[in-house]
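Subject: Structure for you to look at

Dear colleague,

I am handing over the structure we spoke about, together with some notes on what was found in it. Please open it first and keep it beside you while you read the rest.

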Amino acid sequence: MTDTRESQKTAEAPAPRGDAVAEGVIRKIVPAERQMFLDHLLRLDPLSRFMRFGGVVSDAALTRHAARAVEGDKLLVGFFHEGELRAVAELHPLPKKPGKPVAAEAAFSVERDWQGKGVGSALMRQLVLLAQNRGIEDLEVVFLPQNGRMKSIALRHEADFSLDETEMVGHLRTPPATPISWLREMIGDVSAVFSAAFELQDRMLPRPHRGH
């Protein structure tokens with residue numbers, strides 16, 4: 001597991017195949033990996049699924065969500081370990097409201113074995129970068145009050161909180177885009193394409209011949 005200084009370093013300068021964290025890689029999910037996203041959601045244990053969606057959801061509902069999440073201007077960032085998608089951060093732009101800052105909603109899903117290992121925090125850093133480069137000023141995180149991990153991640157990013165009926169709503173102010181932030185995303189995009197191609201080729205090989 002990386003220490004705090006290493007996590008900050010990878011967040012500022014992406015490695016050739018994405019941000020390295022907790023023995024894995026963080027990068028954008030490409031549309032061709034929609035099935036991997038769905039498989040990840042279906043692997044969530046009941047409590048993690050409940051926390052992610054704020055209630056009980058069926059497999060059919062997850063299938064519909066996975067299809068919608070790769071459409072339009074939505075963005076997905078994933079944590080990959082040995083070619084398998086184990087955690088996802090979703091960025092969903094919200095409708096523009098007159099007199100209000102440009103906003104988007106963030107959502108996170110982390111499989112049980114990868115919780116508490118810094119994966120969620122690393123995904124949040126990458127999501128803030130993507131929001132920053134799209135002129136999103138207010139990054140909104142909605143979660144259940146008992147979701148202590150999500151609250152901790154939002155607090156580390158200095159979110160302001162409010163209680164909306166039965167849900168906690170955190171608001172993160174993102175900085176303006178800079179040439180460096182655009183460069184970081186561009187490097188990450190190139191890494192994502194090559195990493196996705198490499199992992200797809202690797203998955204097509206018999207397991208004994210894979211490069212992991």
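How many salt bridges does a search of the whole structure find? The search finds 9 salt bridges, and please keep in mind throughout that this is a predicted model.

Let me begin with Glu185, which takes part in two of the pairs described here. Lys28 forms a salt bridge with Glu185, and the closest N and O atoms of the two are 2.8 Å apart. Lys28 belongs to strand β2 (residues 24–28) and Glu185 to helix α7 (residues 179–204), so this pair ties together parts of the chain that are 157 residues apart in sequence. Lys28 is buried, with a relative accessible area of 17%, and Glu185 is buried as well, with a relative accessible area of 5%.

Glu185 also meets the side chain of Arg134 in a salt bridge, at 2.5 Å from N to O. Here Arg134 sits in the loop between α5 and β6 (138–143) while Glu185 is in helix α7, so the parts tied together are 51 residues apart in sequence.

Another salt bridge is formed by Arg86 and Glu111, whose closest N and O atoms are 2.9 Å apart. Because Arg86 lies in strand β4 (residues 84–93) and Glu111 in the loop between β5 (103–110) and α5 (119–133), the pair ties together parts that are 25 residues apart in sequence. Arg86 is partly exposed, with a relative accessible area of 21%, whereas Glu111, at 7% relative accessibility, counts as buried.

Why can strand β3 be called largely enclosed by the rest of the structure? The reason is that 7 of the 7 residues of this strand (residues 75–81) are buried, which here means under 20% relative accessible area. Both faces of β3 are covered, with Leu75, Val77, Phe79 and His81 buried on one side and Leu76, Gly78 and Phe80 buried on the other.

Strand β3 pairs with β2, to which it runs antiparallel and is joined by 4 bridges; in this pairing Arg27 has Gly78 of β3 as its bridge partner. Strand β3 is also joined to β4, again antiparallel, by 7 bridges, and Leu76 has Glu90 as its bridge partner in β4. The strands β3 and β4 form a hairpin with 2 residues between them, and Glu82 in the turn has a positive phi of about 50°.

Finally, a word on open space. The second largest pocket holds about 210 Å³ of space. Its lining is made up of Leu94, Pro95, Lys96, Lys97, Lys100, Pro101, Val102, Ala103, Asp138, Glu140 and His171, and these residues divide into 5 nonpolar, 1 polar and 5 charged.

With best wishes

Methods. Residues numbered from 1 in each chain as written. Predicted model: local features only at pLDDT ≥ 70, side-chain atom pairs only at ≥ 80, totals over all residues. Heavy atoms only, no water. Salt bridge = Lys/Arg side-chain N within 4 Å of Asp/Glu carboxyl O. Buried < 20%, exposed > 50% of the residue type's maximum accessible area, 1.4 Å probe, protein only. Pairing = 2+ DSSP bridges. 1 Å grid on protein atoms, 1.4 Å probe; cavity = no way out; pocket = protein on both sides within 12 Å on 5 of 7 lines; lining within 4 Å. Points joined across faces, edges and corners; volume = space filled by probe spheres on them. Nonpolar A, V, L, I, M, F, W, Y, C, P; charged D, E, K, R; others polar.
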